[in-house]
Amino acid sequence: MVFSSLNFMYLFLPVCLLLHFALRGIRARNYLLLVMSLLFYGWGEPKWIILMLLTTLIDYGAGLLVDKYRGQKQAKWALAGAVVITLSFLAVFKYLGFFNQNFNGIFGTQLPEQPFTLPIGISFYTFQAITYVVDVYRGQTPVQRSYAKLLLYVALFPQLIAGPIVRYIDIAEQLEDRRVTLEGFSKGITRFVTGLGKKVLLANIAGQIATSLIGGDLTQASVLGAWAGILAYAFQIYFDFSGYSDMAIGLGHMFGFTYVENFNYPYISKSITEFWRRWHISLSTFFRDYVYIPLGGNRRHQLRNMFIVWALTGLWHGASWNFVLWGLYYFVFLTIEKLFLGKYLKKLPVVGHIYALLIVVVGWVFFYFDDMSRLGQMLRLMFGLSGQAGVSPTDTILLKNHIVFFLVAIVACLPVSKLVKGLLVRFARRGSAQEIAAGAVSIAYDVVLLFFSTAALVGASYNPFLYFRF
């Protein structure tokens with residue numbers, strides 16, 4: 001089940017909200033959310049619930065041992081054992097097939113290339129479970145003595161499938177005590193509906209355009225079609241993932257939780273360094289705090305540390321060489337910026353913005369094509385090295401039909417909504433009449449966007465979620 005489905009929006013969520021507000025007391029509400037979260041996960045893949053339960057149990061037990069033997073070598077062994085076992089689950093289910101495929105290619109063996117189906121959301125809940133036991137070891141958060149509460153943290157359905165990656169320390173207090181206010185609930189609805197609109201009205205259309213331009217036979221594509229196709233994919237992946245993060249954050253508000261922001265208008269960046277401060281913020285923060293800094297950070301072997309982090313970042317996104325190349329592609333440009341280019345980009349913001357957009361859009365080619373031959377074919381086509389036409393009549397017609405969509409998508413990548421929200425807040429402060437008017441505008445926005453999103457879903461045959469199995 002995904003948030004942008006009619007079953008979730010008009011069945012699961014209303015029932016969950018009604019039961020939640022019918023109950024009194026944080027303990028009862030926590031148990032309700034735990035049951036509903038397991039039901040949410042089991043709706044699509046019930047057989048893998050046991051893996052999530054076991055992962056949480058291992059890190060729960062490790063946390064207790066770390067707390068019991070704090071300062072002693074047993075605590076280190078408990079931490080190391082939990083991290084190794086937890087990551088081993090991820091390695092087996094996500095990367096064993098990738099290893100077997102490459103092993104077969106090198107040695108001519110017949111190992112199964114898909115021994116397991118990938119459990120939904122395993123990359124996200126694995127990292128969340130690890131943050132808990134590491135933070136307990138570091139003394140940054142007290143140990144959780146209730147397995148049910150720790151499981152709720154790991155399995156809580158708003159962030160279970162695709163994040164943001166929430167550190168235990170960020171919501172530990174909210175598991176014990178939280179309040180749902182009218183203002184917070186209203187804010188949650190608006191945030192959820194905004195994310196839904198991004199996903200259904202923008203990402204899905206962008207995905208269809210990308211598929212029609214670069215998803216088929218590239219020998220029939222033109223240079224213009226290739227660039228337009230990968231630009232459409234850039235819109236798709238941004239609106240898809242940031243929209244899902246918006247929905248997760250909005251759902252959190254509805255139930256009294258506050259989640260970290262995961263996107264901050266990354267396509268307005270003026271360098272690749274800035275882009276990765278704005279894109280998938282929770283993942284970047286995880287690798288910084290739990291990999292980069294422990295390796296030595298900026299203090300020693302900086303380039304080695306960056307190389308490891310970006311190779312792992314690429315591999316985290318998928319068990320395929322194109323994702324590894326994608327991660328190392330960013331390592332190269334981040335290294336160049338750190339060594340000398342960054343100081344020049346700060347003096348030339350317009351040039352920096354053009355440069356960053358070009359690097360990011362080309363980078364999505366590595367992300368889109370998991371077939372290495374097609375990846376190379378696409379790059380040659382984009383840069384005019386394939387000998388194919390610069391423009392084709394079919395591409396021209398398609399782009400003319402979707403020019404309005406591209407303009408809307410560009411505007412939606414800008415912080416326009418933040419500006420409008422700020423204006424409404426200032427307007428509401430002028431008096432009661434203006435406050436009522438601003439509230440009415442907000443309600444109208446929610447209703448209209450929900451209506452059009454629902455209408456699009458009713459008639460849709462295309463509603464994928466790109467990060468669903470990351």
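**Cysteines, rings and one lysine**

Hello everyone. The count of disulfides here comes to zero. Keep in mind that what you see on screen is a predicted model. For anyone who wants a reminder, a disulfide is a covalent bond between the sulfur atoms of two cysteines.

Let me stay with cysteines for a moment. Take C16: buried or exposed? C16 is buried, and its relative accessible area is 0%. C413 also counts as buried, this time at 5% relative accessibility.

Now to the aromatic rings. How many aromatic pairs are there? The count comes to 61. I'd like to show you two examples.

Please find F3 and F40. Their ring centres are 5.9 Å apart and the planes meet at 35°, so this pair is tilted. F3 sits in the segment before α1 (6–22), while F40 belongs to helix α2 (residues 26–44), so the pair ties together parts that are 37 residues apart in sequence. Both F3 and F40 are buried.

For the second example, go to F451 and F452. This aromatic pair is edge-to-face, with 80° between the planes and 5.4 Å from centre to centre. What about their surroundings? F451 is exposed, with a relative accessible area of 54%. F452 comes out as partly exposed, because its relative accessibility is 48% and exposed requires over 50%.

One last stop, and it brings in a charged residue. Which residue lies over the face of W316? That is K94, at 5.3 Å from the ring centre.

Key
Residues numbered from 1 in each chain as written. Predicted model: local features only at pLDDT ≥ 70, side-chain atom pairs only at ≥ 80, totals over all residues. Heavy atoms only, no water. Disulfide = S-S within 2.5 Å. Buried < 20%, exposed > 50% of the residue type's maximum accessible area, 1.4 Å probe, protein only. Phe/Tyr/Trp six-rings, centres within 6.5 Å; stacked < 30°, edge-to-face > 60°. Helix = DSSP H or I, 4+ residues; strand = E, 2+ residues; numbered from the N terminus. Lys NZ or Arg CZ within 6 Å of the ring centre and 35° of its normal.
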